Amino acid sequence: MPPNKPPTPESFLPLRPHWFHVLLSLANQDQHGYGIMQEVLERTGGKVHLWPATLYGSLKRLLDEELIAESAQRPSPEVDDARRRYYRLTRLGRRVLAAESERLEDLVRVIYAKRGIPTRKAES
Amino acid sequence: MSDSRRPVAATLRLYRAMAGAFPYEFKSAYGDEILQLTEEIVEPIWRRHGALGLLRLLADVAIRVVIEHLALFWHDIRYGMRMLTRSPGFTAVALISLALGICIATCADSEMNGIILRNLPMVTNPNQLVGAQTPVSYPYYRRYRQLHDIFSSTLAYMAPVPFNVSFGGRTERTWGHLVTPSYFSTLGVRPMLGRAFDQQDEKLEEQPAVMISYRFWQGAMGGDPGVIGKTLQVNGRPSMIVGIGPKDFLGASPALFVADLWMPFSSGEQVAPELADNALERHDLNMFQFVGRLKPGVTMAQAESQLDATARQLEKAYSDEEPADKGPRVPLVTGGKLLPLRKQDIPLFTEFFMVLAGLVLLIACANVANMMLARAADRRKEIAIRLSQGASRFRIVRQLLTESMLIALAAGALGFLLCTYLMHLLSQLRMPFPIPITYDLNVDWHALAFALAVTVLTGLLFGLAPALQATRVDLTPALKEGGKIQLRRHPRLSLRNALLVSQLAGSLMLLLILGLLSLGIQTTMGITEGFNPRNLYLISVDPVRDGHSSEHAQSFLQRLSERIRQLPGVSSASLTESVPVLLDGNAGVTFSTSDAVGETPKAVNSARRYVVGKDYFDTTVFRS
């Protein structure tokens with residue numbers, strides 16, 4: 001079998017919404033499953049709820065695609081729960097997140113242009 | 001536990017149970033974390049969203065379990081496809097042997113459904129219909145039809161009856177049935193156009209009524225919708241077309257006596273010379289097929305015993321001779337099936353086909369299983385690596401089974417296509433009989449279901465044993481680079497040996513059956529007919545059916561045979577009303593013991609009777 005070529009960030013686009021939210025919540029810091037769930041919930045004002053089984057299903061696929069990896073860094077022992085695994089963005093994951101964000105930004109720009117309404121930036 | 005916590009605890013219990021159904025690998029990697037997370041959030045969800053939130057939580061795990069299994073299945077399929085394309089030789093041989101096996105099994109099933117188990121087309125509730133195995137005489141039929149406790153309705157017909165039908169300036173011999181007016185109503189067959197026979201056809205009107213088949217209407221009449229009420233010359237007599245049978249309906253016995261034309265018995269002997277000599281009143285003329293529709297709840301056995309009693313009464317009334325044999329008088333057969341068979345004989349036919357088909361399929365399975373075993377031995381290293389990486393044995397077995405299922409499904413599709421083609425070829429086959437017999441052999445949905453079942457079973461059969469054996473592996477030597485992997489060896493009793501032996505045994509048995517069948521066919525082909533068929537030619541003419549008077553016909557036939565005798569190259573010629581071995585409805589003769597004083601004459605034997613010309617035996621060169 002010929003060796004597989006490494007995937008490009010573009011090959012993941014458009015990114016599944018759940019994957020996007022998980023990657024986004026890992027953008028600034030490593031997180032465990034519960035942390036990702038809470039972060040997404042707060043960030044979206046409760047609109048996006050990553051339920052446990054779905055969340056871990058997404059984490060498994062993101063690990064398989066090497067967009068995230070298990071993090072070796074742990075918090076200080078007094079707040080660490082040994083049963084929890086922490087996840088971090090890989091280099092590929094970060095590039096995919098950037099590419100998807102750019103795609104979404106472009107999309108938003110197109111939408112505003114089509115409707116003839118100024119972007120929020122322009123409003124303010 | 002307080003009441004408010006009860007739903008939370010119940011949800012958690014259910015959640016744990018459902019999460020237990022995750023695939024092994026997923027469960028061991030994420031099961032604990034999922035449960036831990038759920039335990040942490042279940043309280044807040046209950047407080048914030050109530051029962052709906054708990055339901056959403058359960059739905060999440062339920063859907064995910066299915067998705068994870070499907071993902072794994074899809075992964076197995078892709079992996080299996082890759083592995084199969086990597087060894088094209090193995091895949092091709094396995095595909096071909098299985099496809100052939102499945103094709104033969106499906107063909108046998110189609111043939112069984114097409115001939116033995118197929119219902120008469122267009123007939124209502126065919127399972128209620130029973131028929132007499134041998135023809136009966138009309139007076140007997142008249143008595144049978146009065147058995148209202150047994151039959152809701154009955155019919156009798158004479159078949160095969162040749163009709164000379166003239167249309168468009170030419171005359172064609174068309175085969176049909178002479179029938180009682182109850183023929184169509186008993187079968188529950190509705191005409192496509194016009195009307196079926198009814199009470200008014202009991203008596204002869206000005207013109208006899210005739211019904212034609214859809215096939216005849218399309219072929220000979222060009223599908224003209226205005227034919228109802230028109231006149232058709234049948235055996236030289238004008239007859240009125242009253243109805244057209246439904247599409248695909250070719251009479252009550254299409255496998256034996258195809259009918260394109262139906263006329264009521266009331267048409268009389270002018271139209272149907274078969275009815276001459278008062279045929280409807282003679283109790284010694286057994287030439288009427290009898291079919292009855294059983295009343296609901298009446299069994300075939302009950303009907304048979306009732307008919308038997310009635311027949312014996314009639315025998316006593318008509319003759320003072322004691323009957324020659326004591327067997328059942330009116331053995332019944334299925335009346336609604338394409339092939340009339342006695343109920344107890346059906347399993348014999350069906351099982352014969354099933355055993356043959358099963359045997360062929362088993363041989364194919366054994367062959368592929370053996371190849372799988374050999375291949376599994378080659379793949380021990382790959383399997384050992386996967387086992388050492390934490391894959392469960394079940395997972396590997398599933399993977400190997402998926403591969404065999406892939407082969408089986410592809411072979412199933414291939415075999416089914418092949419079978420469809422073969423059945424198409426077989427239905428084109430025309431038997432060398434004077435009557436156009438058609439065997440409508442199609443692959444029907446039964447056969448498709450059968451093929452699918454066979455395919456899945458086949459996949460399991462040839463995949464499971466090798467898969468189980470392949471995963472019983474000792475990891476250490478298997479993983480050593482270049483290390484030889486020791487298989488568990490039981491040289492005499494190994495699975496591969498057993499498969500090989502069964503394959504050989506099955507093949508040998510099939511060969512024997514085939515040999516016996518071809519011997520049988522050869523014997524039948526070379527059967528001594530009792531006469532010399534070499535250079536013997538048969539011309540069939542029927543002046544009476546063409547509307548000539550019997551005196552005219554007689555002198556014509558005399559002149560014809562004399563003229564033929566004088567032809568150069570003809571050594572002898574003779575007239576006969578029937579050819580040897582043809583079973584028609586002519587009354588036979590019965591030999592009885594001498595009519596001694598004080599003794600009831602006993603029938604000891606019976607024979608068929610043919611009226612022949614004086615040179616008949618010289619012409620046919622009968623051997624004693």
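Author: Let's start with a term: two strands count as paired if DSSP finds at least two bridges between them. Keep in mind too that this is a predicted model.

Reader: Got it. How do I read strand pairing in general, and which residue of β3(B) is the bridge partner of B:F167?

Author: Strands of a sheet pair through backbone hydrogen bonds, and the sense is either parallel or antiparallel. Here, β2(B) and strand β3 (residues 170-179) of chain B pair in the antiparallel sense, with 9 bridges between them. B:F167 has B:R170 as its bridge partner in β3(B).

Reader: What else does β2(B) pair with in the antiparallel sense, and over how many bridges?

Author: β9(B) runs antiparallel to β2(B), joined to it by 6 bridges, and B:F151 sits opposite B:L294 of β9(B). Strand β6 (residues 231-234) of chain B also pairs with β2(B), again antiparallel, over 2 bridges. For that pair, look at B:V165, whose bridge partner in β6(B) is B:V234.

Reader: Now cores. How many residues does the largest nonpolar core have, and which of them have the most contacts inside it?

Author: In soluble globular proteins, nonpolar side chains tend to be buried together. The largest nonpolar core in this model has 69 residues, and B:Y157, B:V210, B:L261 and B:F288 have the most contacts inside it. Strand β2 (residues 151-167) of chain B gives the most to this core, namely 9 residues. There is also a second, separate core of 44 residues, with B:A99, B:C107, B:M371 and B:A470 among them.

Reader: Zoom in on B:F288 for me. Which residues is it in contact with, leaving aside neighbours within four places in sequence?

Author: B:F288 is in contact with B:P135, B:V136, B:S137, B:Y138 and B:Y141, plus B:A156, B:Y157 and B:M158.

Reader: On to helices. Which residues of α7(B) are buried, and which are exposed?

Author: An α-helix has 3.6 residues a turn, so residues three or four places apart point the same way. In α7(B), the buried ones are B:A303, B:E304 and B:L307. Their arc around the axis is only 95°, so they lie on the same side of α7(B). The other side of α7(B) has B:A301, B:Q313, B:K316 and B:A317 exposed. The cover over the buried residues includes β1 (129-132), α4 (138-144), β9 (289-294) and β10 (332-334) of chain B.

Reader: What about chain A: in which order do its elements run, and how do its 3 strands form a sheet?

Author: From the N terminus, chain A runs α-β-α-α-β-β-α-α. Its 3 strands form an open, antiparallel sheet in the order β1-β3-β2. β1 (31-32) and β2 (68-70) of chain A are the edge strands, each pairing on one side only. A:Q31 has A:Y87 in β3(A) as its bridge partner.

Reader: Last one: how many residues are in contact between the chains?

Author: 16 residues of chain B are in contact with 12 residues of chain A. The chain B side has 7 nonpolar, 2 polar and 7 charged residues.

Methods. Residues numbered from 1 in each chain as written. Chains lettered and ligands numbered in written order. Predicted model: local features only at pLDDT ≥ 70, side-chain atom pairs only at ≥ 80, totals over all residues. Contact = placed C-beta atoms within 7 Å. Nonpolar A, V, L, I, M, F, W, Y, C, P; charged D, E, K, R; others polar. Buried ≥ 20, exposed ≤ 12 C-beta atoms within 10 Å, placed from the backbone. Helix = DSSP H or I, 4+ residues; strand = E, 2+ residues; numbered from the N terminus. Arc of directions from axis to C-beta. Core = buried A, V, L, I, M, F, W, Y, C linked by C-beta atoms within 7 Å.
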